[in-house]
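Welcome! Please take a moment with the sequence and the 3D structure, and then read on for a short tour.

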Amino acid sequence: MRIDWIIGALLIGLASTLIACEDPSNVGIGLVGEEGGTPFIVDIPGATVSAEPTHDLTGNAARFLTGSVFDPLLGTTTATAYVDFFATASADFQASTVDTVVLRLKRDYLYGDTTATITLMLRAMPEDWSAEDVPADTTLEPGDVILEGFTFSAADTLIEVPLPADWVAANDEVLRSDDFLTAFNGFQLTTTAGNAVVGFNGDDSSLLAVTASEDTTIFSITKNLSTYVQQADGADLPPDVLLIRDGTGPMGRLTFDFARDSTRQQVLNRVVVQLPAVEDVLAANTPANFHRPLLSTLNLRGVDETSGNAATLVSSATLSDGVIAFESADLRTIVQRLLFDETPITHFTIEAPATDNTLNVLLVRIPPAEDAPRARLTLTPTDN
Amino acid sequence: MSVAPLTPLRLLRAGLLTLAVLMAAPTAVHAQEGTDGSIYSRYGLGQLGSFTSAQAHAMGGGGLALLSYNYANTANPASLSDQVLTRASLGLTYQTLEATDVSDNLSRLASGSLQAVQFSFPLRQRRLGVGVAFKPYSRRNYRVAVDSELTDPDRDEPVPYAISYQGNGGLQQVDVGLGYRLNRHLSFGATGSFLFGLIEDARVTTFEDPAYDDAIVTESTRLSGFTGTLGAMLTVPRLLSSTDLLAVGASVMLPVSLDGDRVRTFGESLDRDTLGTVLSGSATLPMSARLGLAYTPNSRWTLIADGLYEPWSSFESSYTFSGYDPAGTSRFTDRLRFSGGAEVVPAGDDLLAPYLRRVAYRIGFYYDQAYIQPTSSTELHTVAGTLGLGLPTLIPGTRIDLTIEVGTRGTTERALVRELFYSLSANVNIGERWFNKRKLR
């Protein structure tokens with residue numbers, strides 16, 4: 001018999017008995033004693049919760065807003081919409097004469113009196129305008145009036161506005177031109193009556209042109225812009241709440257005292273910044289048939305005032321059970337650094353995603369109210 | 001039964017097989033990590049090592065007075081004087097440990113580790129020799145976990161989590177020794193030792209829910225310092241018969257002051273952040289006194305008995321260790337270790353005897369009273385038995401040693417844990433003639 005194989009068999013047999021093992025259990029945990037490591041949860045109320053002026057960028061959003069609304073809580077908000085179009089017209093269309101043009105507006109948003117009759121004025125835009133990086137309080141100079149007013153009910157979801165025959169005749173060549181995109185500068189939509197701001201869907205709204213030979217071309221919206229004017233006339237906002245509003249602003253500014261004794265130098269397992277929505281104030285100040293949409297989607301950004309750097313930490317947190325909860329790995333990283341006395345940011349800002357383009361409203365309580373914004377931290381102690 | 005002798009090729013194959021089995025085993029099972037050892041290694045500087053040589057290990061450890069043609073004995077620098085061959089040895093050990101508490105809960109752990117690397121050579125045969133060794137002085141390798149639940153107001157159900165307490169690392173020891181034989185009875189030696197290492201205690205809080213990050217907090221203590229060992233050996237031939245030899249060995253390792261830094265960090269190993277400041281400090285380890293006897297009645301039998309005493313009650317440190325608080329009470333106590341063992345080589349000096357008669361068969365035991373008391377006035381005892389084979393090869397002076405150790409440590413009383421451990425050690429011990437002076441004939 002070969003001795004090396006005897007040895008090998010012996011070793012394998014021994015090793016087989018040795019490698020049979022189980023996961024470590026809590027056997028011996030009594031010897032460890034009070035060594036800590038037990039996670040705990042602590043709520044840190046917002047140290048400061050204040051308004052931060054905003055210049056919301058509303059160009060080329062999913063919708064454009066127009067109208068004017070008096071909100072007994074917030075005052076008067078006036079919105080003006082600008083839209084421009086493009087089309088790929090057929091040869092038959094271009095060879096004929098435009099007979100009728102209809103502006104089709106698909107309403108998908110309402111803020112204000114749900115029973116209102118709304119009258120809008122339509123003006124031509126004399127020059128090209130930009131919808132990129134335009135602040136919400138921008139004013140663009142309009143051109144000639146096309147329609148003094150067209151009226152519709154706040155409940156209507158599709159508004160079709162035939163444009164005057166003289167305007168059609170005057171713009172016949174432009175509408176059929178290959179240079180339509182540069183020769184035509186779009187419309188301005190402003191309000192003349194009705195206590196509501198309405199929003200029209202940019203994808204579903206269009207300009208419909210029909211020639212004498214019944215060739216039809218749909219001019220889709222190529223760009224849109226909404227601008228706002230906010231007046232605090234008659235506003236009655238309680239002093240213990242902070243308004244956060246899409247479109248006009250303001251956005252919220254938050255700071256927390258993370259370096260308090262109970263939290264500093266601890267390991268962060270989880271952090272959730274929670275914004276309880278103040279709904280009772282809104283409910284108490286809402287007239288009959290008045291619709292005031294709640295701002296239910298928000299971004300949380302971290303801002304370093306010193307360097308001017310800012311970064312979105314949580315995108316599109318949504319309202320659930322009366323609370324908007326912000327949570328992400330990026331937020332955890334930032335808060336962990338704050339717990340260790342670093343200052344990657346000076347404060348948080350809360351703002352609506354620019355793409356939504358609404359006038360939606362969120363009220364939050366100002367500290368020291370119990371339901372003021374808070375940061376809920378799950379921590380593991382670093383000491384024993 | 002005829003047994004083929006080990007050729008160099010077979011020797012290599014058996015050695016590789018041995019190492020492969022041992023090295024592959026730790027990665028074969030999930031739970032087998034470097035931290036899967038005795039919970040008692042959590043205390044003090046960890047579990048103290050006692051390896052001296054493969055031969056002595058299979059005879060219960062110790063072996064302070066062992067003199068052997070086949071093994072270098074770095075335990076006693078005086079024995080370095082008695083060398084003929086240049087030697088190199090490498091030992092690995094693999095241990096399975098079963099821990100039981102008073103409720104009969106069982107935890108089974110396994111770990112592999114380096115036993116020692118040794119190199120020695122004679123400057124003058126049987127007169128003056130040098131030895132270099134690297135081996136663990138202490139080892140921290142425990143892991144124990146507790147499951148619990150966190151009540152989070154944001155969750156309908158409690159959030160399960162586990163806290164795992166883990167220790168790893170330990171102190172390593174590098175020895176450089178010199179032994180000198182004064183006359184046919186008396187040898188002296190001295191060893192300079194550098195102790196260094198990193199002892200880590202980690203606390204890992206883990207959640208099943210990915211919304212919660214795990215928390216790893218580690219306390220790392222880096223220590224280093226120099227010390228020395230003085231040894232003496234007295235050999236008395238023909239004490240009871242014309243063929244016997246009695247050897248008495250003694251050594252004292254001097255107290256050592258280790259300087260160090262302690263830092264607390266959090267995060268994974270490669271991405272740690274420091275918590276607080278680095279604490280500089282020191283720890284003074286006590287002296288270690290050993291006494292050993294070896295009696296060789298003839299060329300077939302060797303009997304040994306050893307004792308060790310370390311007054312750890314005098315341990316001082318500016319750092320807190322489990323069981324030791326510089327500002328409070330210390331549960332360190334004096335360490336005692338007794339061991340005994342026997343070796344028989346049936347063939348004696350007959351190199352032409354059948355293979356199995358040239359194998360060295362070893363047996364031993366030891367008792368160890370640990371230097372820490374897990375709870376107040378509760379001593380920690382380890383009792384173990386050893387069995388070993390010393391397999392000769394066709395290369396004179398070269399052996400493969402296999403040792404099995406089975407022992408028990410602790411008790412389930414007073415909320416302690418009783419550990420039953422089994423270990424398998426493999427040691428390759430190579431000896432060759434180097435530095436021969438050529439002579440003109």
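**A strand and its partners, then a helix**

A:Leu103 stands opposite A:Leu207, a residue of strand β10(A). This is a predicted model, in which local features need pLDDT of at least 70, side-chain atom pairs count only at pLDDT 80 or more, and totals for chains, interfaces and linings use all residues. Residues are numbered from 1 along each chain as its sequence is written, while chains are lettered from A and ligands numbered from 1 in the order in which they are written. Helices (H or I, at least four residues) and strands (E, at least two) are DSSP runs, numbered from the N terminus.

**Pairing of β4(A)** (strands pair if DSSP finds at least two bridges between them)

- Strand β4 (residues 98-113) of chain A pairs with β10 (residues 206-211) of chain A through six bridges, in the antiparallel sense.
- With β7 (residues 158-162) of chain A, β4(A) forms five antiparallel bridges, and A:Leu105 has A:Ile159 as its bridge partner there.
- β9 (residues 196-201) of chain A runs antiparallel to β4(A), joined by five bridges; here A:Phe200 is the bridge partner of A:Arg107.

**Helix α8(A)**

- Buried residues (20 or more other C-beta atoms within 10 Å of their own, with C-beta atoms placed from the backbone) of α8 (residues 329-339) of chain A include A:Leu331, A:Arg332 and A:Ile334.
- Among the elements covering the buried residues of α8(A) are β14 (267-276) and β16 (297-304) of chain A.
- After α8(A) comes A:Asp341, with a positive phi near 65 degrees.

Definitions and conventions:
Buried ≥ 20, exposed ≤ 12 C-beta atoms within 10 Å, placed from the backbone. Contact = placed C-beta atoms within 7 Å.
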